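Subject: Structure handover

Hello,

Here is the structure for you to look through. Please open it first, then read my notes below.

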Amino acid sequence: MTHSLMSSDLSVQAIRRALTTERLGHTIHFLEHTSSTNAEALALAQEGAADGTVVLADHQTAGRGRLGRIWHSPPGNNLYCSILLSPRSSAGPQDNALTWIPLSTGVAVARTLRRASGLAVTLKWPNDILVNEKKIGGVLCERTGSLQNSDSLIVVGIGLNVNLPSEAFPEEIRPAATSLAAEAGRTFDRSALLAALLLELERCWLQLFSAGPGEATAAYTEFCSTIGHRVRVTVAGDTTVEGRAMQIGPDGSLVIMPDASDTTSGATTPLTVRAGDVIHLRNTSRP
Ligand code: BT5
């Protein structure tokens, strides 16, 4: 089923014209507005929707970030999409490949935005897309059922601030948020941008599933402005550790060397962080 609602530069017809993927986006559910495209995609997955199905909205009324946070999703300017991904549709060992889906998605987004805009788009571990250290997009992966469940599907949600003017962001996120147009000084065609993104996602995921995370590790490390940065990480509950981010581990974790003077954790050996929030502190030089 394909809905063909029109909304300015965003339409299923225009996406189709620009789309060159093998599979991703061959079914697009385009909604003028919805609560959350991730919620829609999870519901569609339960109803048996196919791998590669895309849910796209012009406006989300309850767009979600990680840990119950809100994704600001006004109409008319941005991209909010969720893609159904079935790890079953791929060959090879899955464990590390699965943990790499969000990071590999970040690589595809950063590459696409760099190509389209020429801007120095970077990634903040684990899921932030940044330009000039301001957030231009985010990735939220959710799944149906447990990992052990072989029918489990991944929903990859991507929010991108495309043409939203800086002054249109709510005051509380304005200092830390930006859009492609605000940074590049021109607007972008959202349909063409989405078609290019779907092609890059398809390439990245195919590579990940067929050959493992080697290429993704190298590409993520290159885009990741967290590596080499001094960071503050919330590790468990409210325990925070400060140190220098050293590298990305084989499972996509962030390896940090805590400051010798860090008394909260007492740790002096490298620390592997698998989930959590990272704040970039001053000093951006690589080790
Ligand atoms: C994320 O969460 O960055 C994941 C965002 C994923 C959004 C997409 S949109 C399509 C799909 N459907 C959904 O319902 N969600 C996905 P997190 O790392 O928790 O970041 C959330 C934080 O970013 C908020 O607490 C704000 O501080 C900030 N924020 C909220 N909206 C923003 C925006 N539009 N641009 C930049 N920053 C924003």
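A residue counts as buried when its relative accessible area is under 20%. Keep that cut-off in mind for what follows. Also note that this is a predicted model.

**Strand β4**

Start with β4 (54-57). V54 and L56 point one way from this strand. V55 and A57 point the other way. All of these residues are buried.

Now look at the neighbours of β4. Strand β3 (residues 28-31) pairs with β4 in the parallel sense, over 4 bridges. I28 stands opposite V54 in β4. To get from β3 to β4, the chain passes through helix α2 (residues 37-46). This β-α-β crossover is right-handed. β4 also pairs with β5, again over 4 bridges, but in the antiparallel sense. There V54 stands opposite I83 in β5.

Next, find β7 (128-131). Both of its faces are covered. D128 and L130 lie on one side, and I129 and V131 on the other. All of them are buried.

β6 and β7 run antiparallel and are joined by 4 bridges. V121 stands opposite V131 in β7. The two strands form a hairpin with 3 residues between them. P126 lies in the loop between β6 (121-124) and β7. The peptide bond from W125 to P126 is cis, with omega near 0°.

β7 pairs with β8 as well, in the antiparallel sense and over 4 bridges. D128 stands opposite G138 in β8. This hairpin has 2 residues between the strands, and N132 takes a positive phi near 50° in it.

- L67 is not a glycine, yet has a positive phi of about 50°. L67 is found in the loop between β4 and β5 (79-85). L67 counts as exposed because its relative accessibility is 70%.
- E133 has a phi near 65°, a positive value in a residue other than glycine. E133 is found in the loop between β7 and β8 (134-143). E133 counts as partly exposed because its relative accessibility is 43%.

**The ligand**

Which residues are closest to the ligand? They are S36, R64, R69, K135 and N161, out of 27 residues that surround the ligand.

- A polar side-chain atom of Q60 lies 3.0 Å from a nitrogen atom of the ligand.
- A polar backbone atom of H72 is 2.9 Å from a ligand nitrogen atom.
- An N or O atom in the side chain of K135 is 2.7 Å from an oxygen atom of the ligand.

On its own, the ligand has 800 Å² of accessible area, and the protein covers 90% of that.

**Cysteines**

A disulfide is a covalent bond between the sulfur atoms of two cysteines. How many disulfides does a search of the whole structure find? The search finds 0. C81 counts as buried because its relative accessibility is 2%. C224 is buried too, with a relative accessible area of 0%.

Best wishes

Terms used
Residues are numbered from 1 along each chain as its sequence is written. This is a predicted model: local features need pLDDT of at least 70, side-chain atom pairs count only at pLDDT 80 or more; totals for chains, interfaces and linings use all residues. Side-chain values use heavy atoms; hydrogens and water are left out. Buried means under 20% relative accessible area, exposed over 50%, partly exposed in between (1.4 Å probe, protein chains only). Two strands pair if DSSP finds at least two bridges between them. A crossover is right-handed if, with the strands pointing away from the viewer, the path from the first strand over the helix to the second runs clockwise. A residue is near a molecule or strand if one of its heavy atoms lies within 4 Å of it. A polar contact is a pair of N or O atoms within 3.5 Å; within protein, one must be able to donate a hydrogen and the other to accept it, and residues adjacent in sequence count only if both atoms are side-chain atoms. Accessible areas come from the Shrake-Rupley method with a 1.4 Å probe; for residues, only the protein chains shown count as cover. A disulfide is a pair of cysteine sulfur atoms within 2.5 Å.
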